[in-house]
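Have a look at the picture first, then read on.

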Amino acid sequence: MDIAVIGGGASGLAAALAARESLDNRVTVFERQNRVGRKLLATGNGRCNLTNRGASLAHYHGRDPGFAGPALARFGPEETLRWFASLGLVTTTEPSGRVYPVSDTAGSVVDVLRLALEARGGGTVCAMPIARAGRRDGRFLLTGPAGEEYTCDKLIVACGGAAGARLGGVLSGYELLGAFGHRRTELRPSLVQLKTDNTWTRPLKGVRTQAQISLEQDGTILAAADGEIQFTDYGVSGPAAYDISRATSLAGPGCTVCVRLLPELEKVDIISYLSAKRNDFPDYKAENILTGALHNSIARAVLRRAGIPLDARLWALSDGALELIADTLIRYELPLTGTLGFDDAQVTAGGVETAGFDPETMESRLVPGLYACGEVLDIDGDCGGYNLQWAWSSGRLAGLAAGGLLEDDA
Ligand SMILES: Cc1cc2nc3c(=O)[nH]c(=O)nc-3n(C[C@H](O)[C@H](O)[C@H](O)COP(=O)(O)OP(=O)(O)OC[C@H]3O[C@@H](n4cnc5c(N)ncnc54)[C@H](O)[C@@H]3O)c2cc1C
């Protein structure tokens, strides 16, 4: 049987390797870029956070996140790690559950996949952006940009999503599946930096801190996360900002990003810290009241926002002034203006409607023999290795199903 995979990224390579577990299947991967796995190389800041040992349905989103259940149940993080070990990849797990290659380089992940596919006789055609896919004489017909034609019995669309546009994120997968009658939902950038009024972030550009960050609208908290944030000249970045970015992307106007600085301290603890400083060091300048607790630039920004002159002496600060400082620390408010776009996003929220596919096989309900996997579908995960896990799980399931190997794998 001839099986074609469009897209040589995470899910496409997993699908191709799975399908080629039977040597009766001839498998060819078509990749539009000059090499396979280009986006993979950039993942995890070049380290590739390839999965998360805590991957469960709760970390996935989309119109029907339950669609991801069968693939994750069959091929979850532990099976994925065994599979990677069988390809020669040595990994390490961080306390958060995030898994990385021990080499600390994403190139190791791409290399073990690429070499294994080569060794198993899977074909790869790079620099081949498939322009159209359709049916001819009972087979699938793929057409390249210069009219090149390829036919196959089974077709797996693994073109990824719109995110990471500079690394190859394109709309192509949606279009190819659209030609077979599959519809998609609205697409939005996710795991992406937040844009806010930058009056109070620009002076802190590049400064990182631990914080609690929330997205609020009319007093309702729409999303919240704890962890590191980084102030930027356009707003807020960092893992905790990414964690609320999906909700931010979907939110309407009138939202506020609220940063709680010194998140481990209650207001009463902050007040007693500030009072102790005032008692113990009355001649300090106000700009030093938070020295030792926060980055100096953040401390100065907080005082400015609270309206406290930086050169006032601590003995001159009233209890009311200390309370104002504490309130500003607890609610460092940044009016939301949006998020950065698909160029900067790590993942696409939205995609091809999963209702059109069988979650047990990833096969199209409209066109027998057609499969889809990975980010092109309307499933996206949280930050922390969950998106690549979905790519491996869905890719492997699609490859086994297309290759007629699901029963063998059970
Ligand atoms: C900067 C960045 C960092 C990330 N870090 C992490 C991380 O650490 N952990 C994590 O879990 N997730 C991470 N992600 C998300 C993760 O990389 C993706 O969710 C995952 O790669 C999706 O796999 P995929 O196979 O669906 O798509 P991709 O890996 O994007 O692969 C799709 C492939 O299809 C090719 N293609 C598209 N159209 C065509 C066509 N018409 N013809 C031929 N080929 C085509 C593309 O060139 C691409 O190579 C990151 C994303 C980015 C952008």
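1. Is the crossing of H10 and H11 left-handed or right-handed? The crossing is right-handed; a crossing is right-handed if the near helix is turned clockwise from the far one by less than a right angle, and left-handed if anticlockwise. Helices here are DSSP runs (H or I) of at least four residues, numbered from the N terminus.

2. Before going further, please keep in mind that this is a predicted model, where local features need pLDDT of at least 70, side-chain atom pairs count only at pLDDT 80 or more, and totals for chains, interfaces and linings use all residues. Residues are numbered from 1 along each chain as its sequence is written.

3. Back to the helix pair: H10 (residues 296-306) and H11 (residues 319-330) pack at about 115°, with axes 9 Å apart. Axes are lines fitted to C-alpha atoms over the stretch in contact, and angles run from 0 to 180 degrees between N-to-C directions. H10 brings Val 302, Leu 303, Arg 305 and Ala 306 to the contact, while H11 brings Leu 324, Ile 325, Thr 328 and Leu 329 (C-beta atoms, placed from the backbone, within 7 Å).

4. Now the ligand: 41 residues surround it, the closest being Gly 7, Gly 9, Gly 160, Gly 164 and Gly 374 (C-beta atom, placed from the backbone, within 6 Å). Helices H1 (10-19), H2 (38-42), H6 (172-178) and H12 (386-402) each supply at least two residues of this shell.

5. Finally, the domains: domain 1 covers 2-189 + 349-409 and domain 2 covers 193-340, with bounds from an automatic or database domain assignment. Their centres, taken over C-alpha atoms, are 41 Å apart.

Notes
Contact = placed C-beta atoms within 7 Å.
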